[in-house]
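Thanks for coming, everyone. Let me put the structure up, and then we will walk through where its chains meet.

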Protein chains: 4
Amino acid sequence: MFVVVNLKAYPCDPVAVAEAAADVADETGVRIAVAPQAADISRVAETGVETWAQHVDAVDHGSHTGSTLAEAAAEAGAEGTLLNHSEKRLRLADIDGGLRAAERVGLESIVCANNPRQIAAAAALEPDAVAVEPPALIGTGTPVSQADPEVVTDSVEAADAVGDVDVLCGAGISTGDDLEAAAELGAEGVLLASGVAKADAPKAALRDLVEPIAE
Amino acid sequence: MFVVVNLKAYPCDPVAVAEAAADVADETGVRIAVAPQAADISRVAETGVETWAQHVDAVDHGSHTGSTLAEAAAEAGAEGTLLNHSEKRLRLADIDGGLRAAERVGLESIVCANNPRQIAAAAALEPDAVAVEPPALIGTGTPVSQADPEVVTDSVEAADAVGDVDVLCGAGISTGDDLEAAAELGAEGVLLASGVAKADAPKAALRDLVEPIAE
Amino acid sequence: MFVVVNLKAYPCDPVAVAEAAADVADETGVRIAVAPQAADISRVAETGVETWAQHVDAVDHGSHTGSTLAEAAAEAGAEGTLLNHSEKRLRLADIDGGLRAAERVGLESIVCANNPRQIAAAAALEPDAVAVEPPALIGTGTPVSQADPEVVTDSVEAADAVGDVDVLCGAGISTGDDLEAAAELGAEGVLLASGVAKADAPKAALRDLVEPIAE
Amino acid sequence: MFVVVNLKAYPCDPVAVAEAAADVADETGVRIAVAPQAADISRVAETGVETWAQHVDAVDHGSHTGSTLAEAAAEAGAEGTLLNHSEKRLRLADIDGGLRAAERVGLESIVCANNPRQIAAAAALEPDAVAVEPPALIGTGTPVSQADPEVVTDSVEAADAVGDVDVLCGAGISTGDDLEAAAELGAEGVLLASGVAKADAPKAALRDLVEPIAE
């Protein structure tokens, strides 16, 4: 299982969460990445944790003021990037362009989408993985694996039909049970956010979370 | 073959083009539709020509000032809608939403995309058809069937792999030879624009165009 | 006072509301306009009511599939256009471009904005009028004139400082008292929506509404 | 005069340009800032040069994946931010929101715009400064001060009418003469990009540029 902790624009200390994630990854052998704001990528990466961008733009070097260039994210230390998160939905052509930008600089990629049909579309664009997050469940305490298990199994089926694309799931994941349930439904990982980023003790929260899947 | 004449925001007389298209469709048995501005749908539909919207928004009835509601397009006389034209690129979730809106009111749908990978993604969203239009060729005199025949055959292959989705092609189509070439490459139709909409004699232009495929 | 009834994408009969508005305008001498979906402009205009577009794009004739061209709106019968409604917020440059498009075809214009500072900015772009609608009050039953009278008086002051630009107000307006209150605060008109468009009897609703300001 | 060097998404070494700018600022007493990609803010700021963000989003802390939070830019070392650059045009409400976000964290602000009318609108939103850059001249070798001096003087006049807002100008600035000309037209600074960022020797390029206005 791959656990991605999305820090969004939360008022958390990104370095503290990154250090906690690095420690728990070391202790448990579980792959854990942290996705901070672009401006925080370098100091998060310096902790040694696997670092992901939250977004890169579908642009190459050039006149693109205010964009997030894949090259800049990679040079700051990112190893992967989310694309098309429900809070940063992209045009179809720009998901394609963003994926090609990620490939160009060796960033791994996860394209988010809302439902199995969009997951199939996202998978057709040849990312490394896709993540299904039903918008109605984001930020609720109810895990997708419990509220709507079919959206996960249908997404896995849809991605398998298109090609060899891993499926993660997100929305409402906050306990080790949720992680196990996601794995049983066929997910290869989970997207987390507030459950860890806003926790009083991020390290304890992460440890509890990954404990059931630790080696 | 299905011929869609996109009037864009051209300074043409939409009714004159619609009447020409209706006549040529009657004479030749070729299916021809005209896609005008939303505000022109009703008077184009009154000519009896098959009328398509250029776009509908991914919204339902409600507080959506300035949107193009599928219901309004259908009630004005539209029988289908383009979505995600390269001049009106949409977010993945909004192509999905626009298709569901079209289904809701019985509009047929064509989703445009730039390349075979995006065509596969578009096809996964379950439209009635997809249309591949390489942006670099739009508005040039060079037909896609000649400049880049593989983009058409690869798109047909990509759409077939996903499901039963027809492929149209566009960009640079202006002669009957272009139409025949498109058909030979596996396209089920073409998107036209300036070649007809800006012609001095739209009826003659259309007649020349569809002559090779007339019954 | 100028009363603009915005039909948004409501499931109302635009022609019925238009006829009601035309009748009440005739009976009372109050200026009343109806703003339908672009696809409904022509049949609304045929009722004789003053008809407004909900939006026009910042484009000229050309390759702009899916846009709403000012020329098409005007030819269908629109006499004015809203711009930058809170449900269709525009980029600064596109409000400017939309206003120039409206001028080009003789459409009157109202630019919406959220607060007095944005009203000053909107007024600087030289529309015919601006409309202040605090987003938090839209769709509530609480009229802006009562919930936040200062936002109206401050907007009037801000628009006066920039030039000779009328100020309308919107959000929560549903009774004749609300209209009178708006006028007393310096507004030259109001934007209405659900109060009329969703009323069981639009004509009675409008008549009650404009009665206090009728000649 | 204030000289802002916008690195856009150019394939330059941001640290090398930053060091050059810091040195030339020290040598000449001219205020020079460098605006890198968000992911490069911290290492640019570490050179000691005045560092600006190219953009911040109109958001507060919260669920805004893929945004550029003003707090993150400031914590990484930014002292100011551009907003509404012609390559990152924003909605009117988001310029307002971006300015309030900048104020919240103590970032200085420059709002870009295309023409004197938009400059008046931008100035009404109460930024620290505005910058006029006619889109047609960006990236050309022709300085705005020479190609269209009235756009500068009219912008200064428009900003003065609104309040106490400095005006910078951009587009085509590449020599010391251009800077002097801009100052004579009433500009308080200039936006530069390729002339410095793409120069073989950024330090020499900057030194030549600011020499006429050095103390």
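**Where the chains meet**

Start with chains B and C. Here 30 residues of chain B are in contact with 30 residues of chain C, where contact means heavy atoms within 4.5 Å. Before going on, a word on the source: this is a predicted model, in which local features need pLDDT of at least 70 and side-chain atom pairs count only at pLDDT 80 or more, while totals for chains, interfaces and linings use all residues. Residues are numbered from 1 along each chain as its sequence is written, chains are lettered from A and ligands numbered from 1 in the order in which they are written, and side-chain values use heavy atoms, with hydrogens and water left out.

Back to the interface. Chains B and C bury about 2400 Å² between them, 49% of it on carbon and sulfur atoms. Buried area is the accessible area, with a 1.4 Å probe, that two parts lose on being put together, summed over both.

Now the charges. Two salt bridges cross this interface; the rule is a side-chain nitrogen of Lys or Arg within 4 Å of a carboxyl oxygen of Asp or Glu. B:Glu75 bridges to C:Arg43, with the closest N and O atoms 3.4 Å apart.

Helix 3 of chain B gives the largest share, four residues.

Next, chains D and A. In this pair, 30 residues of chain D are in contact with 30 residues of chain A. They bury about 2400 Å², 49% of it on carbon and sulfur atoms. A salt bridge joins the side chains of D:Glu75 and A:Arg43, at 3.4 Å from N to O.

Last stop: chains C and D. Helix 5 (residues 116-124) of chain C packs against helix 5 (residues 116-124) of chain D at about 170 degrees, with axes 8 Å apart. Axes are lines fitted to C-alpha atoms, for helices over the stretch in contact, and angles run from 0 to 180 degrees between N-to-C directions. The two helices are therefore roughly antiparallel, the word for angles over 145 degrees.

Key: Parallel < 35°, antiparallel > 145°, perpendicular 65-115°, else oblique.
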